[in-house]
Amino acid sequence: MQLAKTYSHKEVEAKWYAYWLQSGAFKPAPGSGRYFSMVIPPPNVTGSLHMGHALNNTLQDILCRYKRMDGYRVLWVPGTDHAGIATQNVVERRLAAAGLTRAQVGRKEFIARVWQWKQEAGNVILHQLKALGVSCDWEHERFTMDEGLSLAVREAFVRLWEDGLLYRAERLINWCPRCKTALADIEVVHEESDGSLWHIRYPLADDPSEALVVATTRPETMLGDTAVAVHPDDPRYQRFAGKKIRLPITDRIVPLLTDSYVDQAFGTGALKITPAHDFNDFELGERFGLDRISIFDADAKIDSAAFTSRSETGEWVDRYSSKDRFEARRLLVDELKEKGFLAKTEPYRHSVGRCYRCQTVVEPYLTPQWFVNIKPLAEPAMRAVREEKIRIIPEGWSHSYFAWMENIKDWCISRQIWWGHQIPAWYCLACNSGSVIRGKDGGYTFTKDARPIVARQAPKSCSSCGGSELLQDPDVLDTWFSSGLWPFSTLGWPDQTEDLKNFYPTSTLVTGFDILFFWVARMIMMGLKFMADVPFREVYIHALVRDEDGQKMSKSKGNVIDPVDVMAQYGTDAFRFTLAAMAAMGRDIKLAEERIGGYQNFVNKLWNAARFVLMNLGDDAAVARDGEQGNSTAARSATGDRNFADRWIRSRLAQTIAQAREAIDAYRFNDYANVLYQFTWHEFCDWYIEMSKLALNGTMGGDPQESRRLLLELLEQILSLLHPIMPFVTEEIWQQLPNKNGRSLMLQPQPRSDRACIDEGSEKEMEFLMGVVRGVRNLRAEMNCPPGKEVKVIFHGPERDLELLRAQEAYLRSLARVGGVEYLTSGERPKGAATAVIGGTEIYLPLGDLIKPAEERARLTKETRKLEEELSRIQKKLANAEFLGKAKEEVIEKERAKSAEYQEKLRTLNRSLERLAEMEQGGN
Ligand SMILES: [Zn+2]
Ligand SMILES: [Zn+2]
């Protein structure tokens with residue numbers, strides 16, 4: 001039984017993942033016991049693993065592995081999202097590289113190519129997740145566009161329609177002219193931007209010498225103006241009551257309205273009204289029954305058909321026809337200036353909405369769209385959180401949830417793209433002959449007046465006229481519509497499957513806050529609607545991974561750390577441990593690569609400890625208990641017949657297990673990781689292993705065989721405790737322990753805290769002993785005593801402490817290289833000794849034994865002089881204005897740090913010299 005000298009993560013990781021997969025360890029255990037289920041937040045099929053995914057999935061995997069070992073039937077459902085626009089963009093770029101466009105290949109062929117792309121290049125991220133060690137049940141893998149999920153989407157759509165929760169209406173929506181699709185409000189990113197405010201003269205129709213001045217940030221939209229509005233109380237415009245306005249350029253006559261919605265303080269207090277291109281104007285237009293003139297086509301270019309259909313023809317139509325909106329703006333401003341309509345232009349800062357995917361300026365655009373009537377769904381979803389049927393953790397996020405849900409608007413679910421779930425609505429051409437609009441690219445759309453037939457299957461004929469010519473709605477559903485069904489569609493809904501019975505509601509959802517509304521809120525609404533139960537009982541919202549300075553990682557900043565590289569370099573366990581150890585609730589992670597290197601040392605520390613244990617087991621297989629872990633040795637220890645070190649480590653283990661469990665149950669992943677780290681590294685490796693050497697070599701009396709057993713048992717428990725965070729190295733070690741016979745650590749029970757082992761007395765005594773050992777070690781170091789040399793120590797203190805030290809003298813001798821020991825409860829303190837105080841006990845190291853005073857003085861003096869020279873050089877540099885002016889901040893910082901370090905060293909040297917002087921006096 002021997003482990004390799006060093007741990008090699010590269011070979012080990014792939015080996016054990018394949019083994020777990022093949023052994024079925026990721027599948028839920030059969031039976032009907034308590035379960036723990038989760039659905040993965042499905043990454044985009046186009047995606048590749050970034051830090052956010054790595055954190056999200058590491059935390060999920062920790063929960064799953066922990067619960068599985070703790071006796072739950074665990075199901076973790078993996079899968080990917082078809083990611084409508086993102087995927088369509090990828091495939092469009094591939095077409096473009098081949099000199100083709102989407103329109104050229106046509107819808108059917110395009111979709112075939114998307115599937116082909118998915119086959120070849122999609123799912124990269126799933127392979128990367130496997131490298132991360134995720135213990136998903138891959139037999140449950142789903143894709144939002146697979147057959148079952150498509151069926152669920154249709155079912156949900158039809159039921160919403162039947163329940164009157166869906167409608168189709170012409171509404172102003174956010175339109176991305178590049179992605180050519182509607183965007184939900186939350187898909188529009190608003191930011192302040194520098195623009196202009198143009199003041200334009202709008203003459204009265206019956207008296208061109210009189211004019212109102214309107215102010216606008218978007219003069220080009222005046223081609224679609226259908227009114228001007230002022231506040232009814234505005235004294236500047238009382239005399240214009242009832243007048244008509246002649247629009248510049250188009251000469252269209254529009255009414256002057258009064259409405260209290262108009263802000264008198266904005267610009268001149270007169271507003272141009274463009275119902276088809278402004279959300280507020282749209283509402284005002286509805287109140288006054290105004291025309292809506294949509295002046296743009298889907299590319300946000302001026303659509304001359306909008307005017308010619310209104311018999312507005314002429315030179316101006318030709319001049320602006322097909323011009324991009326920004327070019328149209330320039331032309332129009334020029335023309336206004338030329339014709340004397342432009343009163344003035346002033347710089348103006350205002351908010352501009354951009355597409356969250358491509359940053360194109362979003363255009364309010366008038367199109368028929370499908371909407372979910374959301375209020376009836378939002379009410380129960382708020383209640384579920386209020387009544388704590390769902391707990392959002394950390395709790396602060398529930399406030400954001402309520403704030404958003406209370407102001408929720410109807411959800412526009414139609415998207416004008418090809419890749420996605422095509423809306424299950426059909427239009428009879430005979431009944432809707434006036435409502436079909438044929439596009440240039442061979443496509444078609446339907447006007448707001450078209451009457452849809454919503455059905456689960458394509459209808460053969462029209463129910464009102466019997467006509468058989470039916471066309472399906474060309475739009476597809478918002479990606480979040482299908483992912484909103486994810487917690488139950490992945491379990492087989494709408495069929496009443498065993499999986500639904502066994503694993504719904506899911507236990508926990510682990511996600512980032514950025515999709516709390518896009519996704520989490522929708523799942524809650526849909527789950528309550530279709531399953532009549534919450535989709536999950538708890539939602540854990542984790543923070544962001546930033547760079548070490550707290551900056552968001554981004555390609556443009558060049559501060560991205562690639563998880564795939566990190567895993568290759570440091571090993572996946574070290575990486576996972578870093579993420580867990582830094583995942584403090586509600587606090588962003590500032591990730592420095594050195595941290596991962598640090599936890600790689602922890603992996604190696606564990607490896608070396610395991611090597612030590614295995615080497616000491618020898619070839620005696622009887623040391624290992626056969627069978628599962630148990631508390632057999634624990635029971636023995638509770639009777640008090642074990643030695644001090646054993647009692648102490650058992651007590652610490654019991655406390656550690658209790659703390660770790662408490663932490664993970666409360667999603668305090670960082671506490672969970674750190675408690676285990678402290679115990680493993682500092683208590684087990686640094687102290688217990690060292691102390692156990694005495695028991696193993698017979699110094700402490702007792703049966704060395706018992707000590708071997710305990711060492712092995714402690715190692716087993718540590719491996720079990722660490723496995724959820726560091727699955728690979730723990731399994732590798734586990735499988736080399738005696739009598740495992742190929743049983744995976746993954747399926748071993750998670751240790752439980754044995755309260756009977758908690759021994760506060762031993763812990764206190766050990767604290768004291770550790771303090772004394774550290775004290776002696778520090779004194780030795782200060783006096784430059786060679787590590788191998790034994791020293792004499794004199795203790796002076798209360799009887800109780802000295803008794804303890806006497807009892808544990810063997811440890812003291814071994815851990816602090818102590819030779820002779822003297823105990824003094826009273827009387828004179830020794831002179832000429834280095835001293836330290838621990839609690840009420842004084843430690844004396846007689847220096848005469850250690851050093852030759854003259855030689856030591858010479859050494860210390862020489863070192864002091866050297867340091868003083870070096871320090872003075874640095875201080876001169878730091879006082880030099882030229883250096884301070886020229887050098888980089890980090891160079892100066894380094895010099896300052898060096899200066900502080902040297903000063904500290906000098907203080908220590910001086911202390912040693914003083915001590916030497918005292919000793920020489922005392923010794924005389
Ligand atoms: Zn876009
Ligand atoms: Zn019909």
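Predicted model: local features only at pLDDT ≥ 70, side-chain atom pairs only at ≥ 80, totals over all residues.
In helix H18, Pro563, Val566, Met567 and Tyr570 meet Thr572, Ala574 and Phe575 of helix H19. By class, the residues of this contact of H18 with H19 divide into 6 nonpolar, 1 polar and no charged. Helix H18 covers residues 563-570, and its axis lies 6 Å from that of H19, at an angle of about 120 degrees. That angle makes H18 oblique to H19.

On the side of H19, the contact is made by Phe577, Ala580, Ala581 and Met582. On the side of H23, Phe669, Asn670, Ala673, Asn674 and Tyr677 take part. Which classes of residue do we find in the contact of H19 with H23? There are 7 nonpolar residues, 2 polar and no charged.

An α-helix has 3.6 residues a turn, so residues three or four places apart point the same way.

I turn now to another pair of helices, H22 and H26. Helix H22 spans residues 644-665, and its packing angle with H26 is about 110 degrees, with the two axes 9 Å apart. H22 is therefore roughly perpendicular to H26. The crossing of H22 past H26 is left-handed. From H22, the residues Phe644, Arg647, Trp648, Ser651, Arg652 and Gln655 are involved. They meet Glu760, Ser762, Glu763, Glu765, Met766, Leu769 and Met770 of H26. How many charged residues does the contact of H22 with H26 have? It has 5 charged residues, together with 5 nonpolar and 3 polar.

Just after H26 comes asparagine 784, with a positive phi of about 60 degrees.

This brings us to the backbone. Most residues other than glycine have a negative phi, and most peptide bonds are trans. Asparagine 123 is not a glycine, yet its phi is positive, at about 65 degrees. Asparagine 123 is placed in the loop between helix H5 (107-121) and helix H6 (124-132).

Where do we find cis peptide bonds? One runs from isoleucine 393 to proline 394, with omega near -5 degrees. Proline 394 sits in the loop between strand S15 (391-393) and helix H13 (396-406). Another cis peptide bond runs from tryptophan 493 to proline 494, with omega near 10 degrees. Proline 494 belongs to the loop between helix H15 (486-489) and helix H16 (498-503).

Let me close with two sheets. In one of them, 3 strands form an open sheet with antiparallel pairing, in the order S21-S18-S22. Strand S21 (452-454) and strand S22 (470-472) stand at the edges with a single partner strand each, so one side of each has no neighbour in the sheet. From one strand to the next, the twist averages 35 degrees. Strand S18, residues 425-428, pairs with S22 in the antiparallel sense over 3 bridges. What stands opposite tyrosine 427 in S22? The residue is leucine 471. A helix accompanies this sheet: H7, residues 147-162, lies across S18, S21 and S22 and runs at about 120 degrees to S21.

The other sheet is also open and has 4 strands in the order S10-S11-S9-S12, with mixed pairing. Its edges are strand S10 (244-246) and strand S12 (270-273); each has a single partner strand, so one side of each is left without a neighbour in the sheet. With direction ignored, neighbouring strands here are turned by 30 degrees against each other on average. S10 pairs with strand S11, residues 253-258, in the antiparallel sense over 3 bridges. Within this sheet, lysine 244 stands opposite proline 255 in S11.

Notes. Residues numbered from 1 in each chain as written. Chains lettered and ligands numbered in written order. Heavy atoms only, no water. Contact = heavy atoms within 4.5 Å. Nonpolar A, V, L, I, M, F, W, Y, C, P; charged D, E, K, R; others polar. Pairing = 2+ DSSP bridges. Axes fitted to C-alpha atoms, helices over the stretch in contact; angles between N-to-C directions. Parallel < 35°, antiparallel > 145°, perpendicular 65-115°, else oblique. Left-handed = near helix turned anticlockwise from the far one by under 90°.
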